[in-house]
Amino acid sequence: MNRKSKAIKVYVLTVCLACCSLLYELLIAETLATLATNAVIWYSLTIGTYLIFLGFGAMVCGRLFRSTNTGRDLAGVELRLSAIGAFSVILLHVGHMLMGFFWARGRYSMSLFL
């Protein structure tokens with residue numbers, strides 16, 4: 001395989017992974033906006049958190065992965081991120097349900113969650 005075809009595959013993979021990342025971000029923001037009924041704040045917090053961790057990941061990536069098998073490292077990281085992204089919306093709904101349950105039973109006041 002020549003160098004040009006490898007570069008094209010890397011670019012296509014990068015675009016695909018970036019699109020998946022943005023979709024996860026939008027799913028999480030929409031779920032939080034729906035559950036908390038304040039879309040502007042939750043979209044802003046989600047996008048800000050996304051950008052912070054995007055920069056943090058870029059900063060740490062060079063220190064963590066110094067091996068020669070970058071394809072395996074990329075696949076491992078992306079599989080972990082896809083699992084986190086897939087379960088994040090489910091965990092948000094479960095957390096919202098549990099918060100409502102404990103708040104309705106009167107064990108906790110709402111001030112703990114604000």
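This is a predicted model: local features need pLDDT of at least 70, side-chain atom pairs count only at pLDDT 80 or more; totals for chains, interfaces and linings use all residues.

User: Fine. How many helices and strands are there in the protein?
Analyst: Three helices and zero strands. Along the sequence that reads α-α-α.

User: And what share of the residues is buried?
Analyst: Buried residues make up 11% of the 114 in the protein. As for the surface, the protein exposes about 9,000 Å², with carbon and sulfur atoms supplying 73% of it.

User: What about contacts between residues 24 or more positions apart?
Analyst: They account for 48% of the contacts that have a separation of 6 or more.

User: Let's take α1. What should its 34 residues span?
Analyst: Helix α1 covers residues 3-36 and should span 50 Å at 1.5 Å a residue. Its end C-alpha atoms are 49 Å apart, which agrees.

User: Which residues of α1 are buried?
Analyst: E25, A29, T31, L32 and A33.

User: What do they pack against?
Analyst: The buried residues of α1 pack against α2, which is 39-64, and α3.

User: What follows α1?
Analyst: T37, and its phi is positive, near 55 degrees.

User: Switching to T46: buried or exposed?
Analyst: T46 has a relative accessible area of 10%, so it counts as buried; the cut-off for that is under 20%. T46 sits in helix α2.

User: What does T46 touch, leaving aside neighbours within four places in sequence?
Analyst: T46 is in contact with E25, I28, A29 and L32. E25, A29 and L32 are among the buried residues of α1.

User: How many aromatic pairs does the count come to?
Analyst: One. F53 and F56 form it, edge-to-face, at 6.4 Å centre to centre with 90 degrees between the planes.

User: Where do F53 and F56 lie?
Analyst: Both are in helix α2, three residues apart, about one turn of the helix. An α-helix has 3.6 residues a turn, so residues three or four places apart point the same way.

User: How accessible are F53 and F56?
Analyst: F53 is exposed, at 56% relative accessible area. F56 is at 44%, so it counts as partly exposed.

User: Last topic: which residues make the nonpolar surface patch?
Analyst: F87, I90, L91, V94, M97 and L98, giving a patch of about 590 Å².

User: Where is L98 found, and why does it count as partly exposed?
Analyst: L98 is in helix α3, residues 70-105. Its relative accessibility is 40%, and partly exposed runs between the buried cut-off of 20% and the exposed one of 50%.

Definitions and conventions
Residues are numbered from 1 along each chain as its sequence is written. Side-chain values use heavy atoms; hydrogens and water are left out. Patches are made of residues with over 30% relative accessible area and no salt bridge: like charges are joined within 9 Å, nonpolar side chains (Val, Leu, Ile, Met, Phe, Trp, Tyr) within 5 Å. Accessible areas come from the Shrake-Rupley method with a 1.4 Å probe; for residues, only the protein chains shown count as cover. A salt bridge is a side-chain nitrogen of Lys or Arg within 4 Å of a carboxyl oxygen of Asp or Glu. Helices (H or I, at least four residues) and strands (E, at least two) are DSSP runs, numbered from the N terminus. Buried means under 20% relative accessible area, exposed over 50%, partly exposed in between (1.4 Å probe, protein chains only). The expected span of a helix is 1.5 Å times one less than its number of residues. Contact means heavy atoms within 4.5 Å. Rings of Phe, Tyr and Trp (its six-membered ring) pair if their centres lie within 6.5 Å; planes under 30 degrees apart count as stacked, over 60 as edge-to-face and the rest as tilted.
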